[in-house]
Amino acid sequence: MKKVAIVCAAGKQGTCLVNEAVSRGYEVTGFVRGKDKIANPKAKTVVKDLFDLTKEDLQGFDVVIDAFGAWTPETLPLHKTSLEHLCDVLSGTKVRLLVVGGAGSLYVNPEHTVQVKDLDSFPEAFRPLATNMGDALAQLRKRSDVLWTYLSPAGDFVADGARTGEYLLGGEEYFVNGKGESRISYADYAIAMIDEIENADNIQKRFSVIGK
């Protein structure tokens, strides 16, 4: 049985990841802040802030999933610093680090010189978030001492969307399904993330997922 730690496990995406991992029979531990709660009774809860986590806290796990999210202007830089902290904690270990990523850093050309967030059509309100998440990914790519994997969702990432059990995988470039859509629910994203634990196809790589 794999032992999986989910950091920021009480958020919407964290909750989907907890539920999916539990349904696969994994031993799941969710790390949450003081006021947060994990809804799934089959998961163990540890109350500890991400920035207070130590190597000892994450020792013994096969995988750590980072579901951290920040949305206000003053907290957006935490995407980078939180990921750096987790990388430092896991440096030199065999524990895999899977990161819930963003779509804004996906490329829109074969040369990989233009990202989704650079397009004029990209919503200005989301550009700071996409930029900070992109910076975090750029730093992550420099870490050869961590078994990291970064999973970018579709452009339309639907928190309360249905769990269909179907998805399409891609790489570094933005893509759409047969309907011309880039859309996926949190629940289907969680399936792809947990499947990556089992398949281990993208160690020290970024890949992407959309709904069928």
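Guide: Welcome! This is a predicted model, where local features need pLDDT of at least 70 and side-chain atom pairs count only at pLDDT 80 or more, while totals for chains, interfaces and linings use all residues. Residues are numbered from 1 along each chain as its sequence is written, and side-chain values use heavy atoms, with hydrogens and water left out.

Visitor: Why is the pair of arginine 24 and glutamate 198 called a salt bridge?

Guide: The term asks for a side-chain nitrogen of Lys or Arg within 4 Å of a carboxyl oxygen of Asp or Glu. Arginine 24 sits in the loop between helix H1 (12–23) and strand E2 (27–32), and glutamate 198 in helix H4 (residues 186–199), so the bridge ties together parts that are 174 residues apart in sequence. Helices here are DSSP runs (H or I, at least four residues), as are strands (E, at least two), numbered from the N terminus.

Visitor: How many salt bridges does the rule give?

Guide: The count comes to 13. Another of them joins aspartate 57 and lysine 48, at 2.8 Å, N to O.

Visitor: What makes arginine 24 partly exposed?

Guide: Buried means under 20% relative accessible area, exposed over 50%, and partly exposed in between (1.4 Å probe, protein chains only). Arginine 24 has 26%, so it counts as partly exposed.

Visitor: Are arginine 96 and glutamate 196 buried or exposed?

Guide: Both are buried: arginine 96 has a relative accessible area of 8%, and glutamate 196 has 3%. Their side chains meet in a salt bridge of 2.8 Å, N to O. Arginine 96 belongs to strand E5 (residues 96–100) and glutamate 196 to helix H4, so this pair ties together parts that are 100 residues apart in sequence.

Visitor: Which residues do salt bridges with shared partners join into one network?

Guide: That network is made of Glu20, Arg24, Arg163, Asp195 and Glu198.

Visitor: How do you know that cysteine 16 is too far from cysteine 8 for a bond?

Guide: A disulfide is a pair of cysteine sulfur atoms within 2.5 Å. The closest cysteine sulfur to that of cysteine 16 is in cysteine 8, 15 Å away, so the two are too far apart for a bond. For cysteine 87, the closest is again in cysteine 8, at 14 Å. The structure holds zero disulfides.

Visitor: What span is expected for helix H2?

Guide: The expected span is 1.5 Å times one less than the number of residues. H2 (residues 78–90) has 13 residues and reaches 18 Å from its first C-alpha to its last, close to the 18 Å expected. Its buried residues include His79, Leu83 and Cys87; cysteine 87 has 2% relative accessibility. Strand E4 (63–66), E5 and helix H3 (127–140) are among what covers the buried residues of H2, with contact meaning heavy atoms within 4.5 Å.

Visitor: Why is lysine 44 called exposed?

Guide: Its relative accessible area is 53%, so it passes the exposed cut-off. Lysine 44 is in strand E3 (residues 44–47) and touches Val28, Thr29, Gly30 and Ile38, not counting residues up to four places away in sequence.
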